[in-house]
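Please keep the sequence and the structure in view while reading.

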Amino acid sequence: MQFIISGIQQIGIGIPDVKQAWKWYRQQFGIDVPIFEEAAEANLMLPYTGGKPHQRHAVLAISLQGGSGMEIWQYTSRTPQPPAQPPMLGDYGIFAARIKSRDVAAAHRAFASRGLALHAGLRKDPAGQPVCWVKDPYGNHFQIVPDTHWFSRTRALTGGIAGCMIGVSDIEAARQLYSGILGYDDVVYDREGVWEDLAGLPGGEFPLRRVLLGHRQARQGAFSRIIGPSRIELVQLRSGRSAVPMFKGRFWGDLGFIHLCFDVIGMDDLRQQCAAQGFPFTVDSGLALGKAFDMGEASGLFSYIEDPDGTLIEFVETLKMPIAKKWGWYLDLRKRDARRPLPDWMLKALSLNRVRD
């Protein structure tokens with residue numbers, strides 16, 4: 001079967017306290033529906049954890065308004081390490097996650113009243129769209145962006161993840177992966193300069209080339225309706241300083257945005273395609289275990305590749321997941337057409353697991 005990219009499943013965020021962080025993301029962004037929570041040993045990520053397995057505690061949570069989730073991730077067998085210097089725009093890696101909003105102005109007012117907005121007023125991106133910026137207690141940046149695709153409505157002013165901003169050394173080389181394999185083939189804008197919407201952010205004073213990518217084709221798959229469309233902005237530093245890898249000298253799972261994860265169908269075919277195009281799997285649970293990987297209440301296959309600058313891209317093929325775990329209701333995705341979206345009523349039943357503060 002030809003592989004399918006169903007969309008961004010989640011962005012991984014390494015933090016020092018998983019429970020404290022998830023409470024913050026629930027209260028500020030409405031990311032309040034857990035898909036799984038597990039404390040276990042990460043024993044397949046040895047290429048990125050110093051050759052040794054480490055204990056961790058992770059929560060994958062989503063917003064039922066739609067968008068992708070957050071995998072909130074904490075080492076428990078070691079102290080997660082910060083970068084040598086705070087990441088700057090143009091450094092190699094994920095600088096910011098995009099958070100979708102129906103009303104960016106209202107979201108900005110709310111975040112400003114809580115002392116979280118990084119600018120006094122709204123800014124506009126190179127396409128003229130309003131954006132605002134928020135930083136969490138751990139130094140991670142979030143760009144609040146307008147969006148028209150919504151799965152349901154809650155009282156939160158924002159939904160889930162709608163993409164991210166990634167620093168690269170060569171945009172054309174990076175697009176071989178992001179456009180060629182991941183399907184972000186629509187150039188929303190390609191501009192170069194010093195940007196008003198980035199003023200005051202680390203590295204925002206330097207000239208940058210910015211390419212915002214969307215996808216022309218609607219995504220397919222079980223979770224495609226709740227995930228919805230997404231955009232990835234590639235940022236390349238043009239002059240003024242030298243860019244550095246955000247995770248240089250550190251482990252996957254240390255503090256910051258640790259990976260960008262895609263929900264996929266057809267892992268075997270994807271393995272072949274990635275290898276043929278120069279992006280071989282560096283971690284592959286299917287080959288390592290010969291069976292599905294157990295993630296507490298969920299199970300599936302996962303793998304990793306690196307973009308040309310070493311940013312980690314994860315692929316997950318979900319095989320089983322809880323819908324209403326209190327009642328023992330689990331969904332086996334192997335027993336249905338993988339391309340067909342799950343019915344809305346079934347996904348909305350995930351609200352039975354919502355954590356309320």
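This is a predicted model: local features need pLDDT of at least 70, side-chain atom pairs count only at pLDDT 80 or more; totals for chains, interfaces and linings use all residues.

Pro16 belongs to the loop that lies between strand β1 (4-14) and helix α1 (18-29).

Which residues does Pro16 touch, not counting residues up to four places away in sequence? They are Gln74, Pro80, Tyr138 and Leu255. A distance can also be given for Gln81, which is 65 residues from Pro16 along the chain: the C-alpha atoms of these two residues are separated by 8.9 Å.

If neighbours within four places in sequence are left aside, Pro202 is in contact with Pro87, Met88, Leu89, Phe95 and His141. Pro202 and Leu116 are 86 residues apart in sequence, and their C-alpha atoms are 16 Å apart in space.

Strands of a sheet pair through backbone hydrogen bonds, in either a parallel or an antiparallel manner. In this protein, eight strands make up an open sheet with mixed pairing, and their order is β6-β7-β8-β5-β9-β12-β11-β10.

## Strand β8 and its partners

Strand β8 (residues 141-146) runs parallel to strand β5 (residues 93-101), and six bridges join the two. Two positions illustrate this pairing: Arg98 stands opposite Gln143 in β8, while Lys100 stands opposite Val145 in β8.

Strand β8 also pairs with strand β7 (residues 130-135), here in the antiparallel sense and over four bridges. Within this pairing, Val134 has Phe142 of β8 as its bridge partner. Strands β7 and β8 form a hairpin, with five residues between them. In the turn of this hairpin, Gly139 has a positive phi of about 90°. How many of the six residues of β8 are buried? Five are, and the strand is therefore mostly covered, buried meaning a relative accessible area under 20%.

## Helix α5

Helix α5 comprises residues 267-276, and its buried residues are Met267, Asp269, Leu270, Arg271 and Cys274. An α-helix has 3.6 residues a turn, so residues three or four places apart point the same way. Just after α5, Gly278 takes a positive phi of about 90°.

## The protein as a whole

The secondary structure amounts to seven helices and 18 strands. For 357 residues, a compact globule would have a radius of gyration near 21 Å, and the value of 19 Å for this protein agrees with that. Along the principal axes, the C-alpha atoms fill a box of roughly 50 × 45 × 40 Å. Buried residues account for 59% of the 357 residues. Of the contacts with a separation of 6 or more, 72% are between residues 24 or more positions apart.

The accessible surface comes to about 14400 Å², and carbon and sulfur atoms contribute 49% of this area. The protein carries 41 positive and 37 negative charges, whose mean positions are 6 Å apart.

Terms used
Residues are numbered from 1 along each chain as its sequence is written. Side-chain values use heavy atoms; hydrogens and water are left out. Two strands pair if DSSP finds at least two bridges between them. Buried means under 20% relative accessible area, exposed over 50%, partly exposed in between (1.4 Å probe, protein chains only). The radius of gyration is taken over C-alpha atoms; the globule rule is 2.2 Å times the number of residues to the power 0.38. Contact means heavy atoms within 4.5 Å. Accessible areas come from the Shrake-Rupley method with a 1.4 Å probe; for residues, only the protein chains shown count as cover. Lys and Arg count as positive and Asp and Glu as negative; His and the chain ends are not counted. The place of a charge is taken as NZ of Lys, CZ of Arg, CG of Asp or CD of Glu.
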